[in-house]
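Please open the model in the viewer and follow the stops below in order. Each stop states what to select and what is found there.

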2 protein chains.
Amino acid sequence: MINVVLIGNGNVGFHLTQALLSTKNAKLVQVYNRSLPKISYLKEIVSITNQIEKLKRADVYIISVSDNAIETISNQLNVEGLVVHTSGATPITSLKQKSRGVFYPLQTFSRSKSVCFSEIPICIEASSKKNEDLLEILAKSLSKKVFKINSEQRKSLHVSAVYVCNFVNHLYYMGQQLCEKHQVPFEVLQPLINETSQKIKTLSPFEAQTGPAMRNDTNTVQKHLQMLNENQKEIYTLLTKSIYETYKNGKKL
Amino acid sequence: MINVVLIGNGNVGFHLTQALLSTKNAKLVQVYNRSLPKISYLKEIVSITNQIEKLKRADVYIISVSDNAIETISNQLNVEGLVVHTSGATPITSLKQKSRGVFYPLQTFSRSKSVCFSEIPICIEASSKKNEDLLEILAKSLSKKVFKINSEQRKSLHVSAVYVCNFVNHLYYMGQQLCEKHQVPFEVLQPLINETSQKIKTLSPFEAQTGPAMRNDTNTVQKHLQMLNENQKEIYTLLTKSIYETYKNGKKL
């Protein structure tokens, strides 16, 4: 049984709390948060605190706070267990402890949307083989998908995630705004959205591309541009150019 | 039983052929294509031709050719049935026939990727109630999801589809390129891609947004920009700005 103290309770920390409370192979012994009221929902289930110097003994301390607070928290910790953070964008060296690691669940977390933790890839890295083994056991108790990823690789995963998640969601938002403006139900687009996300399991994104930009169908592009406001137009133009450039030599139709 | 002649066999026509051959409520009586060898794979199953003046009698003629050829084909047709096209970006008035309509399957079609046609929204429009009823029966024989959408609405759906499908797929491509460059398996991102596409079934895209741009986390943004080439950087910067602008007044964290 691995004893865990969780530090922080933002979107990641919130869902990690649920996952740690559900698994039988790890025990959540304490949750720390700067603001106690924000974690008072947990007080019947687990020990809570807002005093960083009063953390319980544990095997693993998971720091799940905003990126720019990780180093500060690490400096305040005087503990014996393995200290890890959950950030995609922060190197392992931001932690001052000798026993340190990274425990990065690669998913988009919103408080109001439950997630199936067992399907979430957890990217781990640790300062020693022993610590890596410990983290691996912990990760596997929460998820079926555990990857050993070093800080350099994780950095690139994090920026990729911005493209395939944050930016993608913003394009959904733009599509939804256009539908709303023209009184078309956005749900009409959901099967297309699904298929687009599933298609790349069997085709590479390069092969999966369709649409006017790839075909260099300037007629359709011009018609579309007439329907857009300045911001929409700017994004449309840049992405159309980028797709066109990707396929102009040896595009497949 | 509705008799159908299909004109054209590109990506949409190809998948429509399969769907029409599979349904019991419609009969595909002929497939026309400019190039006969391209549809020779059908010759044992259905009548094929490359002579537009020799089309068989049918209830519905579906023109599924590139947008800029629709008008030409329509002008060449001398038939009695209902003539429809499958284009999202072309108004119904591009067809010269009195009995005319639109039969727009809203999906991304690649020849090498099979699709479940019954899940594809079909947007229909017709020149009369009688023709609309006929198209609706035909559409419902192929799909569970049939929507009556006028030309104006369809235009906006088409441009939305470019955002949520073509542009989204290009962002997947950029994510995949980054992974490849740093030797990280792209599959690590698939659960994130899935969740991002599914999340908007229960949250609006506005609510579903996460990431550094929305949080105005300029530290992370700067770190990311250092990892990108010029084209990647340009897209990253523009989308980050657009997300930031969307949330700067009244963002939820």
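Select T220(B), which counts as buried because its relative accessibility is 1% (buried means under 20% relative accessible area, exposed over 50%, partly exposed in between, with a 1.4 Å probe and protein chains only). The model is predicted, so local features need pLDDT of at least 70 and side-chain atom pairs count only at pLDDT 80 or more, while totals for chains, interfaces and linings use all residues. Residues are numbered from 1 along each chain as its sequence is written, chains are lettered from A and ligands numbered from 1 in the order in which they are written, and side-chain values use heavy atoms, with hydrogens and water left out.

T220(B) belongs to helix α8 of chain B, residues 218–225 (helices, H or I with at least four residues, and strands, E with at least two, are DSSP runs numbered from the N terminus). Display the neighbours next: leaving aside residues up to four places away in sequence, T220(B) touches D67(A), A89(A), H158(A) and P212(B), where contact means heavy atoms within 4.5 Å.

Now move to the sheet of chain B, an open one of 8 strands with mixed pairing, in the order β3-β2-β1-β4-β5-β6-β7-β8; two strands pair if DSSP finds at least two bridges between them. Select β3 (47–49) and β8 (146–148) of chain B: each has a single partner strand, so one side of each is left without a neighbour in the sheet.

Finally, select strand β2 of chain B, residues 26–32, which runs parallel to β3(B) and is joined to β3(B) by 3 bridges. Here V31(B) stands opposite I48(B) of β3(B).
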